[in-house]
Amino acid sequence: MCSQFGSLKGDKPPIQNLQRIDLGGRWKYILDPDDVGIREKYFILSSYEEFPEMRIPSNWFLNGADSYPERGQEIDYSGVMWFQREFEVPERLKGNLIELVFRGVDYFTEVWLNGQNLGSHEGYFQLFSFNVSSLLDYHGPNNLVVRVESPREGSEDEWYMHKRLIKGIFGHHDARPGGAWGAGGQEYNTGGIWNDVFLESSGLIKIKGLKLISRLAGDHKSAHIEVRMLVFNYLREGREVRFDLAVRPYNFSGEKLKMSFCHSLIPGQNEVRMEFSIQDPKLWWTWDRGHPNLYLLEVEVKDEESQEIFHGEEELFGVRSIRVDERDYSWYLNGERIFPRGTNYISSQWLSEMSQQRFDRDLDMMREANLNAVRVHAHVEPKEFYCSADRYGLLVWQDFPLQWGYTNDEEFSCRAVRQLEDMIELLYNHPSIAVWCIHNESPWDAPWMAERTRNYDSGQNLLLDRRLYYRALKLDRTRYVHMNSGTGDSHVYPGWYYGSYRDFSDLPGAPFPTEFGCQALPEVESLKRFILPESLWPVEGKNSAIWEFHNLQIRELFQIAKIKGNSIEELAQNSQKYQAQLLKYAIERYRLAKYEKISGLFQFMFSDCWPSVTWSVVDYYRKPKEGYWALRNAFQPVLPVAVAENSSNNSVYARIYVVNDLSRDVQGLLKWRLEGNQGVLSEGQERVCIPKDSSKEYLKIKLPSHFSQGENRLVLALYDSKEVLIAENYPKIELETS
């Protein structure tokens, strides 16, 4: 819930019967590279002083496993690591339910408390917990030991096609350390206790799951809300309890709705349901279509006779309907067709780096770039990201962490189903999430993989994906489920892997490209922070291995994109100019075909997830490249665009279009101006009425015979009825056949 993880802090007092003891801080650790089976007694009987310490939460790579005394300068580590710390619990909490909660550990976890084994867990993104009430010492120190294993996938030649860890891009990707298609692609492991660890105290009846299903009436005048609660009764007998619920506006003004009901709980697990309606609900919209209105649900469970509060929970939710037509991938929000202007996103290779503040920074940059959608690319982000997306009004295409090839055996399939269920349960209540996607570029529909593997199987993972697809459909009937990104939607890279960026005029990937773009180097100031000075130039030859480890695709840079430079400064600058040119050209062509041939698009990708050279428009240090400003310009909700053409008499014309993604008509003044070295060559203006959610031609102007883009430029500006600038564009004039 957002309230637990930061986004609601300071908005209201905490729920009174919920107390926490933070277990973050300095933990002892020891590496167990041979997995010899060191057990918790080793920590109890040994002198703690001989072990190094690590700050928790953290991915161990960031904390320098290099301090381990027997292994020298250990920069990277894959395998087993043991963690230990002591803590005390106030005696006043004795008699309460106390759970030990982990918000994220990568990847296999086994836990002991005071010598007692609590259990194990698999996965990196899930929250999991243990009831430790009867195992705690309330008069002295408690000893907590955690075994974490984050292994390599294997040493066989084709490990990348038969993976067994459900880590998505954190285990295998061409934008992770070392790249994708060799042994180096498993460097800089993401293992560790990367998210919060705490003790949570409550009464002996606790709400442990809260699911909200909202159904919007067709006329939008009411919304039906179903609340499903998983309630655990740790008392030895049944109990009559009362649930008090309140629904209040979170980020808008309105009335508070209160309700109560009684329910009999049996010992153990109970599923409790309640339904209510909201009249004239404030709907959740993307920021460009309205306001992302959010409600806050507060629930308390009390003893019916004594009124003792056992536990309370709260959850943000939004009222909205979302639909995707899989025939042409048209998106509909609250019954209105919308055009997704999206990007692909991986916040960091090491998620412990991220926080609510950092996610807010990234989503603020996305919204400034006029994005209204984001694809979480083949992984699951921390909850804070989705809380930010809810508040910022960005739609989310959410991938399950499957990236390229996995083993086909039944045991892996069962584990994948369990983790898919975990993902949907964890994120279900976020109104920003529009799509669940099962797999990214699964082998069964990626024939290009035949060039990467000797034993390519054209049917690999098809049964796995079908099983996950139908499970997701059953778990969530309110959202669109997509089986494989790259099937139906498209990943196209003219101007980088093949052809020219001008090939975007043919609308490759129609109707729904979800990946397109090219690489660009960060500015030299950023490069110097992760490439040694002696390795900065040249990028080929003796330095190529270093640059390729940091993801630079040298062949594509020089042979396909034909980017040149006589120094690292010049190469970086030229690569950024090329990326900006490609993105501007591609996005403008796609948007001109809005709804006619294109239903939406997602650029690849937004930011570097580690110090590297990738397809991002923002580097790892969050310094924008030129491509960011091109993205911002080309994704303006209202955008004037020019397309040049030769006529039969060799005259050159520019057709002027305006794309309007807003849900309202725009009336204003469209001005154009041709500028040369000696000043304005010609200019004009015209009153226009631009229909809502449209793409339409408005003007056709003749260009001077001596007009060339190198020395001249076309300026387009759109003003509203009060002469306030709505949008501005500087189209690059490139002749296209009429």
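Trainee: Is strand β13 buried or exposed, going by its residues?
Mentor: This is a predicted model. In it, eight of the 11 residues of β13, which spans residues 239-249, are buried, so the strand is largely enclosed by the rest of the structure.

Trainee: Which strands is β13 joined to?
Mentor: Nine bridges join β13 to β14, residues 257-265, and the two run antiparallel. Nine bridges also join β13 to β16, residues 295-303, again antiparallel.

Trainee: What is the bridge partner of V241 in β14?
Mentor: H263 is the partner of V241 there.

Trainee: And what stands opposite D244 in β16?
Mentor: That is E300.

Trainee: What holds paired strands together in general?
Mentor: Strands of a sheet pair through backbone hydrogen bonds, and the pairing can be parallel or antiparallel.

Trainee: Let's move to another sheet. What is the strand order in the one with β18?
Mentor: The order is β18-β19-β20, an open sheet of three strands with antiparallel pairing.

Trainee: Which strands stand at the edges?
Mentor: β18 (322-325) and β20 (336-338) do. Each has a single partner strand, so one side of each is left without a neighbour in the sheet.

Trainee: How many degrees are neighbouring strands turned against each other?
Mentor: On average 35 degrees in this sheet, with direction ignored.

Trainee: How many bridges join β18 to β19?
Mentor: Four, with β19 covering residues 330-333. Within that pairing, I322 stands opposite L333 of β19.

Trainee: Change of topic. Which domain annotation covers residues 330-490?
Mentor: The UniProt record, an unreviewed entry, gives "domain: Glycoside hydrolase family 2 catalytic" for that range.

Trainee: How much helix and strand is there over residues 330-490?
Mentor: The chain there is 34% helix and 22% strand.

Trainee: Now salt bridges. What does the count come to?
Mentor: The count is 54 salt bridges, taking a side-chain nitrogen of Lys or Arg within 4 Å of a carboxyl oxygen of Asp or Glu.

Trainee: Start with E53. Which side chain does it meet?
Mentor: The side chain of K28, with 3.2 Å from N to O. The pair links distant parts of the chain, as E53 is in β3 (residues 53-56) and K28 is in β2 (residues 25-32), 25 residues apart.

Trainee: What about the accessibility of E53 and K28?
Mentor: E53 is partly exposed at 36% relative accessible area. K28 has 16% and is buried, because the cut-off for buried is under 20%.

Trainee: Where does D661 sit, and where is R341?
Mentor: The side chains of D661 and R341 meet in a salt bridge of 3.0 Å, N to O. D661 is in the loop between β30 (652-660) and β31 (666-676), while R341 is in strand β21 (residues 341-345), 320 residues apart.

Trainee: Are those two buried or exposed?
Mentor: D661 is buried, with a relative accessible area of 3%. R341 is buried too, at 0%.

Trainee: What does R591 meet in a salt bridge?
Mentor: D661, at 2.9 Å from N to O. R591 lies in helix α9 (residues 568-592) and D661 in the loop between β30 and β31, so the pair ties together parts that are 70 residues apart in sequence. R591 counts as buried, at 0% relative accessibility.

Trainee: Which residues are in the network with R591?
Mentor: Salt bridges with shared partners join D288, R289, E336, R341, R591, K594, D661 and D693 into one network.

Notes
Residues numbered from 1 in each chain as written. Predicted model: local features only at pLDDT ≥ 70, side-chain atom pairs only at ≥ 80, totals over all residues. Heavy atoms only, no water. Buried < 20%, exposed > 50% of the residue type's maximum accessible area, 1.4 Å probe, protein only. Pairing = 2+ DSSP bridges. UniProt positions renumbered as here; feature names shortened; annotations may be inferred. Axes fitted to C-alpha atoms, helices over the stretch in contact; angles between N-to-C directions.
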